[in-house]
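Colleague: I am new to this structure and would like to learn how to read it. Could you take me through it feature by feature?

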Amino acid sequence: MSLTPRREKIAGRIGALLGILLMALSLRAAVVSVPPLLGSIGPELGFTSFSTGLLAMLAPVVFAAFGLLTPRLIRWLGLEKVLLSAVLLAVAGQLLRATVGDVSSFLLLSVITLAGYGMGNVVLPPLVKKYFPDRLAVVTSGYVTMLAVGTWMSPQFSVPLATATNWRTSIAAWSLLSAVVLVPWGIQLFRDRKNKRPDAPLVNGLVAVHPVRINPWKSPVAWGLAIFLAGNSAQTYVYFTWLPPYLRDQGLDAAAAGSMLALFAILGLPVSLLVPLIVPRLRHPVVAVLVFTGCWIVGHLGLYLSPTDHTVVWIIFSGLGQGTFAIALLMMNLRSRTTYGSGVLSGFSQGLGYAGAAIVPLLFGIVKDATGGWSASFAMLGVCILVMLTGAFMINGPRKIEDGKNGPSPASELERVL
């Protein structure tokens, strides 16, 4: 018996929601599941300090490159086909790198894996806008929460799984999480072939249309979000890269330093859940940015001035500061009118944002070695704060990426469906 149009629509939205949440859950597995296993992988494959540093830089660099490339792929193939291609790349890369016997092959296959996840980063916001234009806040809250869960889950279970089997099995196992994503999106792609969905959401009986091309390089909104994301992500990558070495250098043992990093990571969960539900209600989103920026500042200062006293308190403040990342993801839809605009804004901001963020952890270590202390490096975090706030004020207004410099362009206005 065939489904009624209403039941068909509901089934399609359920499938899309499941696909979005599963993809978000798997996005960080390839990034954060490997570092805890380097103690086993390194000696067997021959990792050096240089190749380990290169591995740490791969994620933001590859995310940046494919952030800029993916909007073009979306125009050619469509959101669902790009997502399926991304998942296939990620699964293949993860499975193959679990079989290699040298560093170069492992790094090359890591690039392929991260390319898939970089594409996935970009397509998620426009997928939310396409399938849930009336539930942006709730669905964004769900998928950002799944990102946080995945970020915690992979390092938490990678070592026990490797202990029970070996590091190759542990790495390969995470590909299964990505492979599951193929099921709902394969079904959804089949549904969309039968029932074409409008690319843009309906608003009061009107459909938002987009110009043939949006040039994000000339958009203050796109630049503002890219700058905001760069300042935010730079701080996060510094913590993931340098927090354990810094705390060990200050006198904490390796186990305590690792626990502080785990605490920092898991604190992204509550803010990821709440931010998308609260920020859309604010007339000026920069207010929320200022609150979380205050958390970042307290955390940075506390860790610098008193790293071994009340360490948990400082980590809690810094961890809550990650609410700025949830705001950045939410703004990819709040500062666009159409699915196409969301895809362009997502790709541009993540492309340039991750490119800028990739440099800071490297410079953080170089400056520390050059000065013989941590003061100048921590001053760099202050610069990141200023960069992030600059971008936050640029995206605070109601302007959308489809708008020109002087306001909405005719092509981005709403047209009545005839």
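Modeller: What follows goes through salt bridges, cavities, a helix, backbone angles and cysteines. Keep in mind that this is a predicted model.

Colleague: Let us start with charged pairs. How many salt bridges does a search of the whole structure find?

Modeller: The search finds four salt bridges. Take Arg 168 and Glu 44, whose closest N and O atoms are 2.9 Å apart. Arg 168 sits in helix 8 (residues 167-180) and Glu 44 in helix 3 (residues 38-45), so the pair ties together parts that are 124 residues apart in sequence.

Colleague: Are Arg 168 and Glu 44 buried, exposed or partly exposed?

Modeller: Read the relative accessibility. Buried means under 20%, and exposed means over 50%. Arg 168 has 22%, so it counts as partly exposed. Glu 44 has 44%, so it is partly exposed too.

Colleague: Which residue forms a salt bridge with Glu 80?

Modeller: Lys 130 does, with the closest N and O atoms 2.9 Å apart. Glu 80 is in helix 5 (residues 79-97) and Lys 130 is in helix 6, so look for distant parts of the chain, 50 residues apart.

Colleague: Are Glu 80 and Lys 130 buried or exposed?

Modeller: Both Glu 80 and Lys 130 are buried.

Colleague: What about Arg 337 and Asp 403?

Modeller: Their side chains meet in a salt bridge, at 2.4 Å from N to O. This pair links loops. Arg 337 lies in the loop between helix 15 and helix 16, and Asp 403 lies in the loop between helix 17 and strand 3 (414-416), 66 residues apart. Now compare the two with the cut-off. Arg 337 is partly exposed because its relative accessibility is 24%. Asp 403 is buried because its value is 9%.

Colleague: Now the inside. How many cavities of 30 Å³ or more are there?

Modeller: The count comes to three cavities of 30 Å³ or more.

Colleague: Which residues line the largest cavity?

Modeller: Go along the chain. The lining includes Val 238, Tyr 239, Trp 242, Leu 243 and Tyr 246. It also includes Leu 303, Phe 364, Trp 374, Phe 378 and Leu 381. Helix 10 (220-249) and helix 17 (375-394) are the elements that give two or more residues to this lining. Helix 10 gives the most, with five residues.

Colleague: Which residue other than glycine has a positive phi near 55°?

Modeller: His 310 does. Find His 310 in the loop between helix 13 (286-305) and helix 14 (311-320). At 58% relative accessibility, His 310 counts as exposed.

Colleague: Where is Phe 132?

Modeller: Phe 132 is in the loop between helix 6 and helix 7. Phe 132 is 119 residues from Arg 13 in sequence, but their C-alpha atoms are 7.7 Å apart in space.

Colleague: Last, the cysteines. How many disulfides does the structure hold?

Modeller: A disulfide is a covalent bond between the sulfur atoms of two cysteines. The structure holds zero disulfides. Cys 295 counts as buried, at 13% relative accessibility. Cys 384 counts as buried at 7%.

Note on methods
Residues are numbered from 1 along each chain as its sequence is written. This is a predicted model: local features need pLDDT of at least 70, side-chain atom pairs count only at pLDDT 80 or more; totals for chains, interfaces and linings use all residues. Side-chain values use heavy atoms; hydrogens and water are left out. A disulfide is a pair of cysteine sulfur atoms within 2.5 Å. Buried means under 20% relative accessible area, exposed over 50%, partly exposed in between (1.4 Å probe, protein chains only). On a 1 Å grid over the protein atoms alone, a cavity is a set of points where a 1.4 Å probe fits but cannot get out, and a pocket is an open set with protein on both sides within 12 Å along at least five of seven lines; lining residues have an atom within 4 Å of a point. Grid points are joined across faces, edges and corners, and a volume is the space filled by probe spheres set on the points. Helices (H or I, at least four residues) and strands (E, at least two) are DSSP runs, numbered from the N terminus.
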